[in-house]
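Student: I would like to go through the labels used for this model. Can we test them against their definitions, step by step?

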Amino acid sequence: IYKQENINYKNLQYPINLPVRKSLEIVSIPKEIETFISPVVISKVNNGEGIDYLSEIVRVSIVFINLVLKTDPSSSIDNMDSSMKSLQAVFDIVQQHIHPLKGHINKIFMFDKGCTFLIIFGMPGFKCQDAANHAVIAATRVKETIDQLDISDEISIGITTGKVFCGVVGHESYRHEYTVIGRKTNMAARFMTNYCGKIICDKDTFCNCKLKRSNFANLHPINLKGIGLVSPYQYSRDI
């Protein structure tokens, strides 16, 4: 984004070279790929700021959604075509429910265990005081809508709220991405994989959520790999 120039401070007892930002070199993002880039990144780049300015510690709500499709895309070409249509339908549903609540799809994974979405509420530039509330509401709407369409054998959701590192991760010269990493991110993923077919959240999400407490059930403590012992909550309108 900008060029650096080394200068020598000869007056110091021990001369050192310090990087100095001399001039900004504005890099424009082609319109064709703006759809695939976070609005936060686009805003920073258009303002002539370097990617270092994207890194910060923020408080967000993390939502991991995993779906096991009814058709196996690897079994045949016909099933692959059907699976692609199902995935597109799922993507439209997720976007439809999270966008009004200021949620952003950060990643989409495809593994042998199904398709996984990483969704973030409260990203820089889209802050909201009710991020935990929005995360639970959006997750519930997504699950209920997908269950009605009968395109997935199982949908599991993990939700956490807390501080994470939000910024650019990866190799500086080859491939890097704008994402979130940290304990809360890992915890949401563990909830998703350990509680199949349910909406599970952590205590911070429960405490900051304004939905009816009667819809939350405190589950038995579980020892999550890489996390430790936690006491999760299950959310359901039917509880």
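Tutor: Start with Asp147 and Lys143, which form a salt bridge. Remember that the model is predicted.

Student: What makes the pair Asp147 and Lys143 a salt bridge?

Tutor: The closest N and O atoms of Asp147 and Lys143 are 3.1 Å apart. The cut-off is 4 Å between a Lys or Arg side-chain nitrogen and an Asp or Glu carboxyl oxygen, so the label applies.

Student: Why are Asp147 and Lys143 separated by about one helical turn?

Tutor: Because they are four residues apart in helix H4.

Student: What makes Lys31 and Glu34 a salt bridge?

Tutor: Their closest N and O atoms are 3.9 Å apart. The rule asks for within 4 Å, so the pair qualifies. Both residues lie in helix H1, residues 31-34, three residues apart. That is about one turn of the helix.

Student: Which salt bridge links distant parts of the chain?

Tutor: Lys107 and Glu177 meet through their side chains at 3.4 Å, N to O. This pair links distant parts of the chain, 70 residues apart. Lys107 is in strand S4, residues 103-111, and Glu177 is in strand S7, residues 176-181. Lys107 counts as partly exposed because its relative accessibility is 21%. Glu177 gets that label at 27%.

Student: How many salt bridges does this rule give?

Tutor: The count comes to seven. Lys184, Asp202 and Asp204 are linked in a network of such bridges.

Student: What makes the link between Asn66 and Thr116 a polar contact?

Tutor: The side chains of Asn66 and Thr116 are joined at 2.8 Å.

Student: What else does Asn66 touch, beyond residues up to four places away in sequence?

Tutor: Its contacts include Lys113, Gly114, Glu154, Ile155, Ser156 and Met192.

Student: Which residues touch the most other members of the largest nonpolar core?

Tutor: Val63, Ile65, Phe121 and Ile159, out of 35 residues in that core. Several elements each supply at least two residues, among them strand S3 (56-69), helix H3 (77-98), strand S5 (114-121) and strand S6 (152-170). Helix H4 gives the most, with eight residues.

Student: What does Val63 touch?

Tutor: Leaving aside residues up to four places away in sequence, Val63 touches Phe117, Leu118, Ile119, Phe121, Ala135, Ala139, Ile157, Gly158 and Ile159.

Technical notes
Residues are numbered from 1 along each chain as its sequence is written. This is a predicted model: local features need pLDDT of at least 70, side-chain atom pairs count only at pLDDT 80 or more; totals for chains, interfaces and linings use all residues. Side-chain values use heavy atoms; hydrogens and water are left out. A nonpolar core is a set of buried Ala, Val, Leu, Ile, Met, Phe, Trp, Tyr and Cys residues joined through side-chain atoms within 4.5 Å. Buried means under 20% relative accessible area, exposed over 50%, partly exposed in between (1.4 Å probe, protein chains only). Contact means heavy atoms within 4.5 Å. A polar contact is a pair of N or O atoms within 3.5 Å; within protein, one must be able to donate a hydrogen and the other to accept it, and residues adjacent in sequence count only if both atoms are side-chain atoms.
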